[in-house]
Amino acid sequence: MGLSVTISAADARDAEHILKLQYLCYQSEAELYGDWSIEPLTQSLADLRAELDEGHGLVARLGEEVVASVRARLDEDGTVRIAKLIVHPRMRRHGLGGRLLDGIERHFAETAEEVATPPAKRFQLFTGHRSEGNLRLYRSKGYAQVSTRELGPRLTLVTLEKAA
């Protein structure tokens, strides 16, 4: 009998697993841009735990193994800032990234209704200009480029957004 992937809220117990997966997943990004000092590779466990406390995270599990994750937080201006969407290399191209995006968007829509917080007005995320797979996924989910910012000779960040 095969195992199916389940998606649930991340909690403090998942932090170490997420950090290890994040380190694995961002190796290809570091290689693509020739920069191993990118924040996802240098983030501390304490900082990751703080991100989970300040916002909301999801994990995808195959059995007990965390194979994908995403984090997001709602700003006071109504922007949900989605970050660090990661999928284990062996699990890519199976729809997990799209499922996590759908799940994080749904969470912020439902939370606003349940706890009477200001509703999300927009969802925003960013990626590097050479990260074609990421850009393709985000565009397929309705995100459109709203800005770019050059961080150096090798990296330009592309910010994408869609209405909530």
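Here is a chat about the predicted model shown above.

Visitor: Hi! How confident is the predictor, on average?
Guide: Hello! This is a predicted model, and the protein averages a pLDDT of 92. Of its residues, 95% score at least 70.

Visitor: Where is confidence lowest, and where is it highest?
Guide: Confidence is lowest in α5, with a mean of 85. Helix α1 (residues 15–25) has the highest, at 97.

Visitor: How many helices and strands are there?
Guide: The protein has six helices and seven strands. Starting at the N terminus, the elements go β-α-α-α-α-β-β-β-α-β-α-β-β.

Visitor: And how compact is the protein?
Guide: Its radius of gyration is 15 Å, close to the 15 Å that the globule rule gives for 164 residues, so the protein is as compact as a globular protein of that length. Along the principal axes, the C-alpha atoms fill a box of roughly 45 × 40 × 30 Å.

Visitor: What share of the residues is buried?
Guide: Of the 164 residues, 43% count as buried.

Visitor: Okay, on to the inside. Which residues touch the most other members of the largest nonpolar core?
Guide: Those are I82, L96 and Y143, in a core of 25 residues. Elements giving two or more residues to this core include β2 (56–62), β3 (65–74), β4 (79–87) and β7 (156–163). α5 gives the most, with five residues.

Visitor: Why would nonpolar side chains gather like that?
Guide: In soluble globular proteins, nonpolar side chains tend to be buried together.

Visitor: Back to I82, then. What is it in contact with?
Guide: Leaving aside neighbours within four places in sequence, I82 is in contact with V70, R71, A72, L101, I104, F123, Q124, L125 and Y143.

Visitor: New topic: T127. Where does it lie?
Guide: T127 lies in strand β5.

Visitor: Is T127 buried or exposed there?
Guide: T127 is buried, because its relative accessibility is 6% and buried means under 20%.

Visitor: Which side chain does T127 join in a polar contact?
Guide: The side chains of T127 and N134 are joined by a polar contact of 3.0 Å.

Visitor: And what else does T127 touch?
Guide: Besides N134, T127 touches L135, Y138, T156, L157, V158 and L160, not counting residues up to four places away in sequence.

Visitor: Last one! What share of contacts joins residues at least 24 apart?
Guide: Among contacts between residues at least 6 apart in sequence, 61% join residues at least 24 apart.

Methods:
Residues are numbered from 1 along each chain as its sequence is written. This is a predicted model: local features need pLDDT of at least 70, side-chain atom pairs count only at pLDDT 80 or more; totals for chains, interfaces and linings use all residues. Side-chain values use heavy atoms; hydrogens and water are left out. A nonpolar core is a set of buried Ala, Val, Leu, Ile, Met, Phe, Trp, Tyr and Cys residues joined through side-chain atoms within 4.5 Å. Buried means under 20% relative accessible area, exposed over 50%, partly exposed in between (1.4 Å probe, protein chains only). Helices (H or I, at least four residues) and strands (E, at least two) are DSSP runs, numbered from the N terminus. Contact means heavy atoms within 4.5 Å. A polar contact is a pair of N or O atoms within 3.5 Å; within protein, one must be able to donate a hydrogen and the other to accept it, and residues adjacent in sequence count only if both atoms are side-chain atoms. pLDDT is the predictor's confidence in each residue, from 0 to 100. The radius of gyration is taken over C-alpha atoms; the globule rule is 2.2 Å times the number of residues to the power 0.38.
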